[in-house]
Amino acid sequence: MAWTRERRRWAWALALVLAALALAVPLAVARRHEPAPRGTPVNVRLEDFKVRQDAAVVPSGTVSFRILNQGPTTHQLIVVRTDLAPDKLPLQRDGLTVNEDAPGIDLLDEVGGLDIDDRQTLVLHLAAGHYVLYCNLEGHYLGGMHAALTVR
């Protein structure tokens, strides 16, 4: 039986659908089986000159920052322990970025290079105290991209 042009088109369409399913199903199953974050989860959204977290106060211990960059550009998330207000961190000589080596600033960790829609989890053990979450890309902190976190 000879293949008509229309039958060939349907065969190719079916092959493409099956190939797409063969790729999509394992990826969907793998995503569902991601391990649950350890400790207290804190969802953090990085937006245009904003750091939004779903908790401003957390218990001391392990904290899992589940970070999502919603753009519109690349961002980073830096966590420091400090008694300074979130908008009063000392700046570098360039006047555009935070001086993370200044007295009163204890840099704990950071996640950098988050492109738009990137997700990453940062797990830290936090003692009681005051913390600031911010993006230190040029001008982002000054634009208001910072938030306070209290650990009790």
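This is a predicted model: local features need pLDDT of at least 70, side-chain atom pairs count only at pLDDT 80 or more; totals for chains, interfaces and linings use all residues.

Student: How many bridges join strand E1 to strand E4?

Tutor: Strands of a sheet pair through backbone hydrogen bonds, either parallel or antiparallel. Strands here are DSSP runs of E with at least two residues, helices are runs of H or I with at least four residues, and both are numbered from the N terminus. Two strands count as paired if DSSP finds at least two bridges between them. Strand E1 (residues 40-47) and strand E4 (residues 61-69) run parallel and are joined by seven bridges. Val42 lies opposite Phe65 in E4.

Student: In what order do the four strands of the open sheet stand?

Tutor: The order is E2-E1-E4-E7, with mixed pairing. Strand E2 (50-53) and strand E7 (119-126) are at the edges with a single partner strand each, so one side of each has no neighbour in the sheet. From one strand to the next the twist averages 25 degrees; axes are lines fitted to C-alpha atoms, for helices over the stretch in contact, and angles between N-to-C directions run from 0 to 180 degrees.

Student: Which strands form the open sheet of five?

Tutor: That sheet has the order E3-E9-E8-E5-E6, and its pairing is mixed. Strand E3 (57-58) and strand E6 (106-114) are its edge strands, each pairing on one side only. Within it, strand E8 (residues 129-134) pairs with strand E9 (residues 146-151) in the antiparallel sense over six bridges. Tyr134 has His146 in E9 as its bridge partner.

Student: What elements does the chain have, and why is it described as more spread out than a compact globule?

Tutor: The chain has one helix and nine strands, running α-β-β-β-β-β-β-β-β-β from the N terminus. Its radius of gyration is 22 Å, well over the 15 Å that the globule rule gives for 152 residues, so the chain is more spread out than a compact globule. The radius is taken over C-alpha atoms, and the rule is 2.2 Å times the number of residues to the power 0.38. Along the principal axes, the C-alpha atoms fill a box of roughly 80 × 35 × 20 Å.

Methods:
Residues are numbered from 1 along each chain as its sequence is written. Side-chain values use heavy atoms; hydrogens and water are left out.
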